[in-house]
Amino acid sequence: MEPAYKILIADDHPLFREAISSVISSGFGGSEIIETADLDSALEITRENDDLDLILLDLNMPGMHGLNGLISLRNEAPTIPVVIVSAEEDKQVVLQAITYGACGFITKSSPRAQMTEAIQQILNGNVYLPSDIIRTGKESNSRRSRHEDNPISPELLNSLTRRQLLVLERMSKGESNKQIAYNLNIAETTVKAHVSAILRKLGVHNRVQAILSASDVDFSQYLKR
């Protein structure tokens with residue numbers, strides 16, 4: 001029997017709440033869904049329900065003030081995973097949301113199956129990022145400026161061992177440590193050690209920042225050596 005989850009949908013658009021409720025009901029049968037339309041009530045519900053498994057949070061509903069609402073929610077309930085669900089498709093907004101504590105970012109234009117997969121990944125304890133945005137860097141700036149936003153210099157990449165490059169390449173594809181271990185035929189503890197070394201060498205604070213920084217890297221160039 002599939003596990004039942006307790007999920008809060010915080011969005012001020014009734015039609016979208018109905019749509020995401022339908023996605024959850026069909027993909028995660030038996031789940032309890034709570035709905036709200038503003039940040040204040042979301043905070044109140046969170047205080048009253050410390051057993052929530054997931055919060056789906058709209059960036060632009062009343063009270064949010066952009067990412068400030070996310071910060072307030074994370075301060076109120078640091079152990080409950082929060083995923084941003086937004087019409088926003090700017091790479092820098094995705095990056096900031098993750099930096100401020102979101103464990104995923106789902107665009108409202110995502111197909112139903114992709115939303116289900118994203119929610120499943122997050123419930124499994126992984127981070128979900130919209131790979132099309134991360135890889136192409138959808139934003140108003142030029143491709144040159146995108147490289148300047150989160151640059152990894154050739155020197156830093158050359159400081160990585162071949163195995164670390166292979167791990168980083170698979171990280172940038174959204175693979176979990178378990179998937180990387182399987183694909184590279186190494187122990188999961190070894191993958192974790194490589195990830196720690198990669199973060200240290202690249203000078204980033206977490207896995208997501210490493211993935212975003214590496215989104216435009218041509219790994220084939222560095223793996224030739």
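Me: Which residues of H2 meet which residues of H3?

Reply: In this predicted model, Leu39, Ala42, Leu43, Thr46 and Arg47 on the H2 side meet Gly69, Ser72, Leu73 and Glu76 on the H3 side. Contact here requires heavy atoms within 4.5 Å.

Me: Why is H2 called roughly parallel to H3?

Reply: The axes of H2 (residues 39-48) and H3 (residues 68-76) cross at roughly 15° and come within 10 Å. Angles under 35 degrees count as roughly parallel, so H2 is roughly parallel to H3. The crossing of these two helices, H2 and H3, is right-handed.

Me: What makes H1 and H5 roughly perpendicular to each other?

Reply: H1 and H5 (residues 112-123) pack at an angle of about 65°, and their axes are 10 Å apart. The class runs from 65 to 115 degrees, and H1 and H5 are therefore roughly perpendicular. H1 passes H5 in a right-handed crossing. On the H1 side the contact is made by Phe16, Ile20, Ser22, Val23, Ile24, Ser26 and Gly27, and on the H5 side by Arg112, Met115, Thr116 and Ile119.

Me: How do you know whether Ile20 is buried or exposed?

Reply: Ile20, a residue of helix H1, has a relative accessibility of 1%. Buried means under 20%, so Ile20 counts as buried. Apart from neighbours within four places in sequence, Ile20 is in contact with Ile9, Leu56, Met115 and Ile119.

Me: What makes the aromatic pair of Tyr5 and Phe28 edge-to-face?

Reply: The structure holds 1 aromatic pair. The ring centres of Tyr5 and Phe28 are 6.1 Å apart, and the planes stand at 75°. Rings pair if their centres lie within 6.5 Å, and planes over 60 degrees apart count as edge-to-face.

Me: Where does the charged end of Lys108 sit?

Reply: The charged end of Lys108 sits over the ring of Phe16, 4.6 Å from its centre. The distance part of the criterion asks for NZ of Lys within 6 Å of the ring centre.

Me: Why is H9 called oblique to H10?

Reply: H9 (residues 162-172) and H10 (residues 177-184) have axes 10 Å apart and pack at an angle of about 130°. The roughly perpendicular class ends at 115 degrees and the roughly antiparallel one needs over 145, so H9 is oblique to H10. H9 and H10 cross in a right-handed sense. The contact is made by Arg163, Leu166, Val167, Arg170 and Met171 of H9, with Ile180, Asn183 and Leu184 of H10.

Me: What makes Thr36 count as buried?

Reply: Thr36, found in strand S2, has a relative accessibility of 7%. The limit for buried is under 20%, so Thr36 counts as buried. Beyond its neighbours within four places in sequence, Thr36 has contacts including Leu8, Ile9, Ala10, Ser41 and Ala42.

Me: Why are His65 and Asn185 called exposed?

Reply: The relative accessible area is 66% for His65 and 70% for Asn185. Exposed means over 50%, so His65 is exposed and so is Asn185. His65 is placed in the loop between strand S3 (54-57) and H3, and Asn185 in the loop between H10 and helix H11 (188-202).

Me: What is the phi of His65, and what is that of Asn185?

Reply: Phi is near 50° for His65, a positive value in a residue other than glycine. For Asn185, also a residue other than glycine, phi is positive and near 60°.

Terms used. Residues numbered from 1 in each chain as written. Predicted model: local features only at pLDDT ≥ 70, side-chain atom pairs only at ≥ 80, totals over all residues. Heavy atoms only, no water. Phe/Tyr/Trp six-rings, centres within 6.5 Å; stacked < 30°, edge-to-face > 60°. Lys NZ or Arg CZ within 6 Å of the ring centre and 35° of its normal. Axes fitted to C-alpha atoms, helices over the stretch in contact; angles between N-to-C directions. Helix = DSSP H or I, 4+ residues; strand = E, 2+ residues; numbered from the N terminus. Left-handed = near helix turned anticlockwise from the far one by under 90°. Buried < 20%, exposed > 50% of the residue type's maximum accessible area, 1.4 Å probe, protein only.
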